[in-house]
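Me: I would like to go through this model with you, one topic at a time. Please keep the answers plain.

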Amino acid sequence: MPHLNSTIFRPSVLTLTGIPGLESVQFWIGIPFCIMYIIALLGNSLLLVVIKVERSLHEPMYLFLAMLGATDISLSTSILPKMLGIFWFHLSTIYFDACLLQMWLIHTFQGIESGILFAMAMDRYVAICDPLRHASIFTQRLLTQIGVGVTLRAALFVAPCLFLIKCRLKFYWTTVVSHSYCEHMAIVKLAAEDVHVNKIYGLFVAFSILGLDIIFITLSYIRIFITVFKLPQKEARLKAFNTCVAHICVFLEFYLLAFFSFFTHRFGYHVPSYIHILLSNLYLLVPPLLNPIVYGVKTKQIRDQVSKILYCNYSY
């Protein structure tokens with residue numbers, strides 16, 4: 001049991017430091033972050049509008065893109081406003097319960113995004129490896145079930161993290177969170193009690209969602225590439241491969257940053273804290289920024305519809 005005189009019992013307010021070691025330049029760091037956020041909002045909103053308006057895009061691949069865009073908007077919005085408040089206006093305090101809510105939202109949206117990427121990989125797998133059955137498998141009903149399923153999976157898996165912190169951890173060494181947003185391990189490390197259960201469950205959630213998803217996504221793309229290289233016509237191979245390039249780019253950007261952030265938080269004791277916090281922030285900001293750009297550039301149907309909308313507005 002920790003010494004009562006040296007600990008804080010169930011603090012009601014926490015303080016987010018921002019980026020430790022870079023406090024003097026946080027104001028300037030906030031400017032590119034704000035620009036990235038605005039571009040992410042505009043890009044993903046435009047993607048949603050294009051998919052909604054154009055009926056020819058009401059297909060599984062584009063509907064998954066719409067889900068991804070909505071998730072990206074939610075994920076970036078759950079972190080950026082508070083972060084910019086810290087960087088620009090020194091609004092570093094946050095209620096403990098509000099911090100837990102932000103933590104739950106961030107990790108839930110991360111889990112949802114991972115689930116959507118997995119669903120998109122399965123969609124490409126069936127479209128390329130078993131094209132005749134694609135329409136009968138990926139029905140509107142299945143798409144709805146996938147959307148509900150990935151949302152519930154992430155929300156329910158992450159929820160116990162809140163209760164394990166709220167109910168198990170009563171005494172804290174400090175109320176200062178060395179981070180720019182409320183991250184699970186950043187909060188757990190404040191506790192003056194045994195946190196092994198919290199750490200183990202955090203690892204379980206990470207590997208149950210991100211770990212399994214990345215394994216199945218990798219296996220599906222291996223199977224896709226085997227099928228593509230067996231196609232007799234060169235044009236068919238190039239067309240099939242081109243449809244997967246955008247997915248692979250998004251897949252790599254999300255999981256490489258995710259696992260780097262995850263492992264450095266737990267095992268990267270020699271990684272400077274400011275580097276880890278910066279990369280953690282980029283992990284949450286880069287995918288929402290790049291996803292609509294990557295798909296807009298690599299997907300002809302979306303590119304044509306965006307050009308049509310912009311041309312019509314310019315004509316008026």
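Me: Where is Ile 215 placed?
Reply: Ile 215 is in helix H8, residues 196-229. Helices (H or I, at least four residues) and strands (E, at least two) are DSSP runs, numbered from the N terminus. This is a predicted model, in which local features need pLDDT of at least 70 and side-chain atom pairs count only at pLDDT 80 or more, while totals for chains, interfaces and linings use all residues. Residues are numbered from 1 along each chain as its sequence is written, and side-chain values use heavy atoms, with hydrogens and water left out.

Me: What is the relative accessible area of Ile 215?
Reply: The value is 46%, so Ile 215 is partly exposed. Buried means under 20% relative accessible area, exposed over 50%, and partly exposed in between (1.4 Å probe, protein chains only).

Me: Which other residues of H3 are buried?
Reply: Leu 80, Met 83, Leu 84, Ile 86 and Phe 87 are buried in H3 as well. The elements covering the buried residues of H3 include strand E2 (13-16), helix H1 (26-53), helix H2 (60-77) and helix H10 (273-298).

Me: What follows H3?
Reply: His 90 follows H3, and its phi is positive, near 55°. His 90 is in the loop between H3 and strand E3 (93-95). With 67% relative accessibility, His 90 counts as exposed.

Me: What about Arg 10, where is its phi?
Reply: Phi of Arg 10 is near 40°, which is a positive value in a residue other than glycine. Arg 10 lies in the loop between strand E1 (8-9) and E2. Its relative accessible area is 41%, so Arg 10 is partly exposed.

Me: Changing topic to the overall fold, how many helices and strands are there?
Reply: The protein chain has eleven helices and five strands. Its radius of gyration is 21 Å, close to the 20 Å that the globule rule gives for 316 residues, so the chain is as compact as a globular protein of that length. The radius is taken over C-alpha atoms, and the rule is 2.2 Å times the number of residues to the power 0.38.

Me: What box do the C-alpha atoms fill, and what share of residues is buried?
Reply: Along the principal axes, the C-alpha atoms fill a box of roughly 75 × 45 × 35 Å. Of the 316 residues, 49% count as buried.

Me: And the contacts, what percentage join residues at least 24 apart?
Reply: The figure is 81%, among contacts between residues at least 6 apart in sequence. Contact means heavy atoms within 4.5 Å.

Me: Now the cysteines. Which of them are joined by a disulfide?
Reply: Cys 99 is joined to Cys 182, with an S to S distance of 1.9 Å. A disulfide here is a pair of cysteine sulfur atoms within 2.5 Å, and by this rule the count comes to one.

Me: What does that link tie together?
Reply: Cys 99 lies in helix H4 and Cys 182 in the loop between strand E5 (176-177) and helix H7 (184-188), so the pair ties together parts 83 residues apart in sequence. The link is left-handed, with -115° about the S-S bond. Both Cys 99 and Cys 182 are buried.
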